[in-house]
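Open the model in your viewer and keep the sequence panel beside it. This tour tells you what to select next and what is there.

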Amino acid sequence: MTAAITMAATPMVVHAAPCKDAKGRFIKCPAAKPAPKKPCKDAKGKFIKCPR
């Protein structure tokens, strides 16, 4: 019960850090890197060729 009250009392605010260059000026942030591919597995857990 106290955990629920504590979580309700603290707002979950997450701000993305702005991108800055070496001199502290704001610049356009680089594109996010794509997530690494996970190996494909069948229902039994064996590795298979990934469908495209």
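**First stop: P18**

Select P18. This proline is exposed, with a relative accessible area of 52%. Exposed means over 50% relative accessible area, buried means under 20%, and partly exposed lies in between (1.4 Å probe, protein chains only). P18 is found in the segment after helix 1. P18 and K28 are 10 residues apart along the chain. Their C-alpha atoms are separated by 8.6 Å.

**Before you go on**

This is a predicted model, in which local features need pLDDT of at least 70, side-chain atom pairs count only at pLDDT 80 or more, and totals for chains, interfaces and linings use all residues. Residues are numbered from 1 along each chain as its sequence is written, and side-chain values use heavy atoms, with hydrogens and water left out.

**Colour by confidence**

Colour the chain by pLDDT, the predictor's confidence in each residue, from 0 to 100. The mean for the protein chain is 74. Of its residues, 67% reach 70 or more. Next, select residues 6-14, where the pLDDT is below 50. Beyond near neighbours in sequence, this stretch has 0 contacts in the model. A contact means heavy atoms within 4.5 Å.

**The whole chain**

Switch to cartoon. The secondary structure comes to 1 helix and 0 strands. Helices (H or I, at least four residues) and strands (E, at least two) are DSSP runs, numbered from the N terminus.

Now show the surface. How much of the protein chain counts as buried? Of its 52 residues, 2% do. The accessible surface comes to about 5800 Å². Carbon and sulfur atoms hold 65% of that area. These areas come from the Shrake-Rupley method with a 1.4 Å probe; for residues, only the protein chains shown count as cover.

A disulfide is a pair of cysteine sulfur atoms within 2.5 Å. By this rule the count comes to 2 disulfides.

Zoom in on C19 and C29. Their disulfide has an S to S distance of 1.8 Å. The link is right-handed, with 115 degrees about the S-S bond. The pair links distant parts of the chain, 10 residues apart: C19 is in the segment after helix 1 (2-9), and C29 is in the segment after helix 1. Their C-alpha atoms are separated by 5.2 Å.

Is C19 buried or exposed? C19 counts as buried, because its relative accessibility is 19%. C29 has a relative accessible area of 38%, so C29 is partly exposed.

**Disulfide C40 to C50**

Move on to C40 and C50. A disulfide joins them, S to S 1.8 Å. With 115 degrees about the S-S bond, the link of C40 and C50 is right-handed. This pair too links distant parts of the chain: C40 and C50 are each in the segment after helix 1, 10 residues apart. C50 is partly exposed, because its relative accessible area is 36%.

Zoom out for the pattern. With bonded cysteines counted along the chain, the disulfides pair 1-2, 3-4.

**Last stop: R25 and D21**

Side chains of opposite charge can pair when their charged atoms come close. Select R25 and D21. Their side chains meet in a salt bridge, 3.4 Å from N to O. A salt bridge is a side-chain nitrogen of Lys or Arg within 4 Å of a carboxyl oxygen of Asp or Glu. A search of the whole structure finds 1 salt bridge. D21 is partly exposed, with a relative accessible area of 25%.
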